[in-house]
Protein chains: 2
Amino acid sequence: MIGYPNRKKPNSTVSSLHTHTGRGMSLERDLNDSNEYYKESGRALIHKKPTPIQVVKVDYPQRSAAKITEAYYKTPSTTDYNGIYRGRAVDFEAKETKSTTSFPFKSIHPHQIAHLEQVLQHGGIGFLILRFTSFNETYMVDAKRMIDLYHDKSRKSISYTAVKKHGSLIKESFTPRLCYLDNVDELYFKEEH
Amino acid sequence: MIGYPNRKKPNSTVSSLHTHTGRGMSLERDLNDSNEYYKESGRALIHKKPTPIQVVKVDYPQRSAAKITEAYYKTPSTTDYNGIYRGRAVDFEAKETKSTTSFPFKSIHPHQIAHLEQVLQHGGIGFLILRFTSFNETYMVDAKRMIDLYHDKSRKSISYTAVKKHGSLIKESFTPRLCYLDNVDELYFKEEH
């Protein structure tokens, strides 16, 4: 359920594959590539946090790197992505769903909702990036709006229609794969245009 | 060399131990406890990032959680701590040394220096927290100052004397263990007092 962390830089072979097989790529990979591009171009400094892992046993073979031989994935206590953009702290979670009708809230840990609430309280920019893989559409939903819907006890999901209505469609390109900072500009810096 | 991540909340037994054995505690534990306190009291939202681990093999035993059976520690590409304080993005690395004379720059990865430079470029607050365990003294050194010293080719370390001169001693207390946000107030928000 939780993927392998992949922090390798894209090489040219991988990049050329992207052009042809964009639809098969994961949201995490797209975001990592986009963040790498945004970092290299000096536009923003945003990283995916490493996947939290509880290490139980480590071997120290002679003359080699420490080898972890027993470990388990842990429930994350924060969102996966954070960084700095235009002097502001940015914090978000990214999720994808195969559903064509709705995104189920159970896919987000309560810890992550509480974390996003605190991000807003401390003056950060918080949001959710949601991909409907069946439509190959990726949306940005403001954290405040998402949290309000989450706390509405009658709901267990956010419908695709509501995401289209309340969210903002993220454009795709060659580089960056996901032009999500354009959505951040539009949603959070509009008064400054 | 790289410690086990410990993200468990302190319980009362552990907390009472702190009082008696504070000197034996690690800097990471002190910072995690302080960040937990700052979070609970609503003053700041700062977390340690999970230790980056490259997972190679995972077993999926029936009816149990996925078990990682081969994995390795990776070199971090960013600093260990970041978050939001007074609306600003905060980013720092924390290191301890047993030396009584200097802190060797080789203890900081070049990636982490580059990362801190970018934090400053994007308008974040960046610094280094340095503990001299022999003196049980912990200092905050502004990232810009530390980076300037780092790029001075004649230096391979920052002397204890220079840390005392350029850095700011962090007060300790019961909660938070390290009152480092007071130093942040003093160093980065002074004009607002």
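**Entry 1: helix pair in chain A**

I started with two helices of chain A, α3 (residues 110-121) and α4 (residues 143-151), which pack at an angle of about 135° with their axes 10 Å apart. That angle makes α3(A) oblique to α4(A). I noted the model as predicted.

I then looked up the hand of the crossing. α3(A) passes α4(A) in a left-handed crossing.

Which residues meet here? From α3(A) I listed A:Ile113, A:Leu116, A:Glu117, A:Val119 and A:Leu120. From α4(A) I listed A:Ala143, A:Lys144, A:Ile147 and A:Tyr150. By class, the contact of α3(A) with α4(A) has seven nonpolar residues, no polar ones and two charged ones.

**Entry 2: the helix pair in chain B**

I turned to α3(B) and helix α4 (residues 143-151) of chain B. Their axes come within 10 Å and cross at roughly 135°. α3(B) and α4(B) are therefore oblique to each other. I found a left-handed crossing where α3(B) passes α4(B).

For the contact I wrote down B:Ile113, B:Leu116, B:Glu117, B:Val119 and B:Leu120 on the α3(B) side. On the α4(B) side stand B:Ala143, B:Lys144, B:Ile147 and B:Tyr150.

I went through some of the pairs. β5 (residues 88-97) and β7 (residues 125-132) of chain B run parallel, with eight bridges. Across from B:Glu96 I found B:Arg131 in β7(B).

B:Arg131 also has a bridge partner in β8(B), namely B:Thr138. There β7(B) and β8(B) are antiparallel and joined by six bridges. Four residues lie between the strands, and B:Asn136 takes a positive phi near 50°.

β8(B) is also joined to β10(B), by two bridges in the antiparallel sense. Here B:Met140 has B:Ser168 of β10(B) as its bridge partner.

**Entry 3: how the two chains are related**

I looked up the superposition of chain B on chain A. A rotation of 180° does it, with 0.0 Å of shift along the axis and an RMSD of 0.0 Å. That is the relation of a two-fold axis.

I then counted contacts between the chains: 32 residues of chain B are in contact with 32 residues of chain A. Which elements of chain B supply at least two residues each to the side that touches chain A? I listed β1, β2 (53-59), β3 (67-73), β4 and α3 (110-121) of chain B. β3(B) gives the largest share of that side, seven residues. By class, the side of chain B that touches chain A has 17 nonpolar, 11 polar and four charged residues.

I also compared the two sides. 100% of the interface residues of chain B are interface residues in chain A as well, so the copies meet through the same surface.

**Entry 4: a sheet shared by both chains**

Strand β3 (residues 67-73) of chain A pairs with β3(B) in the antiparallel sense, over four bridges. Two residue pairs went into my notes. A:Lys67 has B:Tyr72 of β3(B) as its bridge partner. A:Tyr72 stands opposite B:Lys67 in β3(B).

What is the order of the four strands in this open sheet? I read it as β2(A)-β3(A)-β3(B)-β2(B), with antiparallel pairing. At the edges stand β2 (53-59) of chain A and β2 of chain B, each with a single partner strand, so one side of each is left without a neighbour in the sheet. I noted an average twist of 35° from one strand to the next.

Key. Residues are numbered from 1 along each chain as its sequence is written. Chains are lettered from A and ligands numbered from 1 in the order in which they are written. This is a predicted model: local features need pLDDT of at least 70, side-chain atom pairs count only at pLDDT 80 or more; totals for chains, interfaces and linings use all residues. Two strands pair if DSSP finds at least two bridges between them. Copies are superposed by least squares on the C-alpha atoms of residues with pLDDT of at least 70 in both. Two residues are in contact if their C-beta atoms, placed from the backbone, lie within 7 Å. Ala, Val, Leu, Ile, Met, Phe, Trp, Tyr, Cys and Pro count as nonpolar, Asp, Glu, Lys and Arg as charged, and the others, Gly among them, as polar. Axes are lines fitted to C-alpha atoms, for helices over the stretch in contact, and angles run from 0 to 180 degrees between N-to-C directions. Angles under 35 degrees count as roughly parallel, over 145 as roughly antiparallel, 65 to 115 as roughly perpendicular and the rest as oblique. A crossing is left-handed if the near helix is turned anticlockwise from the far one by less than a right angle, and right-handed if clockwise.
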